[in-house]
Number of protein chains: 2
Amino acid sequence: LEARIKQSLRKIVGEENVSDSFMDLVVYSYDASDHDHRPMGAVWPTSTEQVSEVVKLANEHGFPVIPRGAGTGLAGGAVPVLGGLVVDLSRMNRILEIRITDRLAIVEPGVVYMDLQNTLAPYGFFFPPDPASGKACTLGGNVATNAGGLRAAKYGVTRDYVMGLKVVLPDGRIMKTGSHCMKTSSGYDLARLFVGSEGTLGVVTEIALKISPKPTEVKTCLAFFPRLHDAGQAVADITGSGAAPSILELMDANSIRVVRARTSLDIPEADAMLLVETDGFTEKEPAFQMDKAIKAMEKNHAFNIRYAKSAKEAEDLWSIRKAVAILASGARPNSVSGDVTVPVSRVPELVDGIEEIITRYGLPYVVFGHAGDGNMHPKIMYDRNIPEEARGIEKAWEEIFVLTTNLDGTISGEHGIGIAKAPYMYLEHDEVERDVMRIVKHALDPRNLMNPGKIDVEKS
Amino acid sequence: LEARIKQSLRKIVGEENVSDSFMDLVVYSYDASDHDHRPMGAVWPTSTEQVSEVVKLANEHGFPVIPRGAGTGLAGGAVPVLGGLVVDLSRMNRILEIRITDRLAIVEPGVVYMDLQNTLAPYGFFFPPDPASGKACTLGGNVATNAGGLRAAKYGVTRDYVMGLKVVLPDGRIMKTGSHCMKTSSGYDLARLFVGSEGTLGVVTEIALKISPKPTEVKTCLAFFPRLHDAGQAVADITGSGAAPSILELMDANSIRVVRARTSLDIPEADAMLLVETDGFTEKEPAFQMDKAIKAMEKNHAFNIRYAKSAKEAEDLWSIRKAVAILASGARPNSVSGDVTVPVSRVPELVDGIEEIITRYGLPYVVFGHAGDGNMHPKIMYDRNIPEEARGIEKAWEEIFVLTTNLDGTISGEHGIGIAKAPYMYLEHDEVERDVMRIVKHALDPRNLMNPGKIDVEKS
């Protein structure tokens, strides 16, 4: 960190909130992705005004600004790939207002997702999106990546819940946008443009989220399938039946195998598993929905169907699904997780295709995910020190992205583009659309100071 | 219409699809608002490619392009206030795909809202937003204004259902944006930026809408209140209780009076009325929700509570609410309707304030609307040939917009800004936000050819 920049930063955020210590530079080189690059320093602002001053300083000296939440991102969104200053927002972690009647929670970006849920629970309310990293990730990160999770088919994603934002623009000005009302048709929707922009258009410093009454009645059911294709068809049949499960998770044969091998959980040999949850406010509502789902699964050769009779039994069913993500990593030192998504009717083709591709490269993998909204998570293991595997994983992913976009899908359903998927933007977005993205980026951040190298329509 | 322009237009859309006849120019001077201005001509394209060619021609000759659906807009969005060519999209009215499993309907912009609902009904599905003009308005118009309606508190607005768009950009290029997937975090969300942009950023020529299973069980209840304030408090208490009514409509004393006076419907003298609807897929679900609502209304002095025991009875209750909009117009030859919206907890203050303001100007009015999402519709009657009333109504509206924004509200909840509200944008959006809107508009439409004079952040 240059002395005069360090001096200016200390004036803005206080001496104790600036660092370029070796330890901090190393820590801030990483997020939860497979990428890393060292920043020139880091600051911990505690107010919108401080962020604004930091961004003005960045303009003065021309250094990149990398906003960061908890660093749980899987696409490299918080990795300072072109150096610059990490702006760690985790100390802006106040829940400013909970307004039940207005269905609003107003929070700072550093609030941990689960802290908001815990604060809402006594009111009987919740924030419906539910990223798997909920215990650690921040709401600012959820907004930056338009995070989704398990309940998206019924409840939508983060963007559907962002009502208003306070944003520090690339020139340091502070903008309030959106509304605290349940509906607005007043001018351009800048709030949703910033959602999912991964810090490339500005730094979000305040978020007004829509909150919802939390269903009190939940049914949970699990079933196994002799063939993956049957499970995929069951998913399509459930959705096609008009049932609206709150959760509909798929695990493939490898996922089942790893959990069978490494836990004592009671799991049959099977090629696929579905976990279904339905919800409502009276007992019969989720039961009615679950009956539709079970019929669709039975029609597609489901066996060993387990319908939880209590919260305890539901928890046992969940333990199988929850074990996958943790246990699957062991086979190699490194891994890359994806979040490819297709229209629900194409899920069987997507899963078949993914397995065919990865098998061809001979890498260990599992595939699981939110089949009810078409969002699958292939997790491919490899050893970055074995050149053949390092090359293989790159090629396998490229093939998976080609497959996904050929199925009318999106290369990122919920993790964001970051660094990991930037080279593949062209597969999903044609030249005209990428040009309009470029026009918007240039217009708002002409010097490309905000989280450069991410999404990166400049290059793609 | 200049001869060479007319000639070029005929080549693009066919001779029968271009007009500058006196009759057509008069018709296209108006929409459902209080504004009018004559265009230079009109075309009826039937494909995206034709729209693209028309917009390219507009660039060549520098004339404005005014996209138009059914002309039911209440803010002047389809009035060619600076002249130019009306592009009437009502012949692009094909429903291209209904994909139940993928929860998608892909339509052209000229499809009438109700035609989509009728097509979805046999599948047990619906498109949740429900603008009052649904029998006439087009889905393109819904997208342009981010239309809302009665069910927004539970189901959201048009923007929440737009997955993908095809758009003819201001330079004539064709852009596909968004996704056909239930979730995507792939680059900037241009689709939602175009939703609500009122044709000022381009012409939408194809729309992929999310559709939902339609609840089969509905409960309807109506109640009267001795004081408006009680009804407002009941609304806040219902929302605060965690109940999620699908519909929660408020009528003020004038609304009740006009329906009492001019129909034979059985209505008591009252200062306010609430109409509540709840829904679900099993009978007890909406009953449970309605019990919460009734408790909140009883607590706030509701009387003459009517709980429909059949669909026929529900229809009778609805007839009171439906009569208002039609009957209220009689008192003067002209009227202006608004759609101011506030956070739900501020509804009582909003309604009190609106009544105080209009009463001061001595103009006949009614106030009714979607209290459950904070969206009220004051309708003020006047005679445009009485200068005092013409001045009065302008000033009354300005005061209402000041009141609304002081209550943390939005000047347009669902109709759009158009011409009517453009001068008041500054009340809701500060200089920085308007500047960013301006930056986006300049970047995409540097020559201001697309529906100029609407929203109009240029001037505001």
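User: In this predicted model, at what angle do helix α9 and helix α11 of chain A pack?

Analyst: Helix α9 covers residues 253-262 of chain A, and helix α11 covers residues 311-327 of chain A. Their axes are 9 Å apart. Angles from 65 to 115 degrees count as roughly perpendicular. α9(A) and α11(A) are therefore roughly perpendicular to each other, and their packing angle is about 90 degrees.

User: Which residues of α11(A) make the contact with α9(A)?

Analyst: The α9(A) side supplies S255(A), V258(A), V259(A) and R262(A). By class, the residues of this contact divide into 6 nonpolar, 1 polar and 1 charged. The α11(A) side supplies I320(A), A323(A), V324(A) and L327(A).

User: How do α1(B) and α3(B) run relative to each other, roughly parallel or roughly antiparallel?

Analyst: Helix α1 (residues 3-13) and helix α3 (residues 48-61) of chain B have axes that come within 9 Å. The axes cross at roughly 165 degrees. Angles over 145 degrees count as roughly antiparallel. That crossing angle therefore makes α1(B) and α3(B) roughly antiparallel.

User: What is the make-up by class of the contact of α1(B) with α3(B)?

Analyst: From α1(B) come R4(B), I5(B), S8(B), L9(B), I12(B) and V13(B). From α3(B) come Q50(B), E53(B), V54(B), L57(B) and H61(B). The crossing of the two helices is right-handed. By class, the contact has 6 nonpolar, 3 polar and 2 charged residues.

User: Which residues of α10(B) meet α8(B)?

Analyst: Helix α8 (residues 228-240) and helix α10 (residues 284-299) of chain B pack at about 145 degrees, with axes 8 Å apart. Their crossing is right-handed. The contact divides into 5 nonpolar, no polar and 2 charged residues. A234(B), D237(B) and I238(B) of α8(B) meet A293(B), A296(B), M297(B) and K299(B).

User: How much area do chain B and chain A bury between them?

Analyst: On the contact count, 89 residues of chain B touch 89 residues of chain A. The size of an interface is often given as the accessible area lost when the parts come together. Of the area buried here, 57% is on carbon and sulfur atoms. The total is about 7,000 Å².

User: Which residues of chain B lose the most area to chain A?

Analyst: Three residues of chain B stand out. Together they account for 14% of what that side buries. They are K183(B), S185(B) and Y188(B).

User: With which residue of chain A does K183(B) form a salt bridge?

Analyst: Across the interface of chain B and chain A, 10 salt bridges are found. For the K183(B) pair, the closest N and O atoms are 3.1 Å apart. A salt bridge needs these atoms within 4 Å. The partner is D373(A).

User: Why does the salt bridge of K183(A) and E414(B) join two chains?

Analyst: The N to O distance of this pair is 2.8 Å. K183(A) lies in the loop between β9 and α7 of chain A, while E414(B) lies in the loop between α13 and α14 of chain B, so the chains joined are A and B.

Technical notes
Residues numbered from 1 in each chain as written. Chains lettered and ligands numbered in written order. Predicted model: local features only at pLDDT ≥ 70, side-chain atom pairs only at ≥ 80, totals over all residues. Heavy atoms only, no water. Axes fitted to C-alpha atoms, helices over the stretch in contact; angles between N-to-C directions. Helix = DSSP H or I, 4+ residues; strand = E, 2+ residues; numbered from the N terminus. Parallel < 35°, antiparallel > 145°, perpendicular 65-115°, else oblique. Left-handed = near helix turned anticlockwise from the far one by under 90°. Contact = heavy atoms within 4.5 Å. Nonpolar A, V, L, I, M, F, W, Y, C, P; charged D, E, K, R; others polar. Buried area = accessible area lost by both parts, 1.4 Å probe. Salt bridge = Lys/Arg side-chain N within 4 Å of Asp/Glu carboxyl O.
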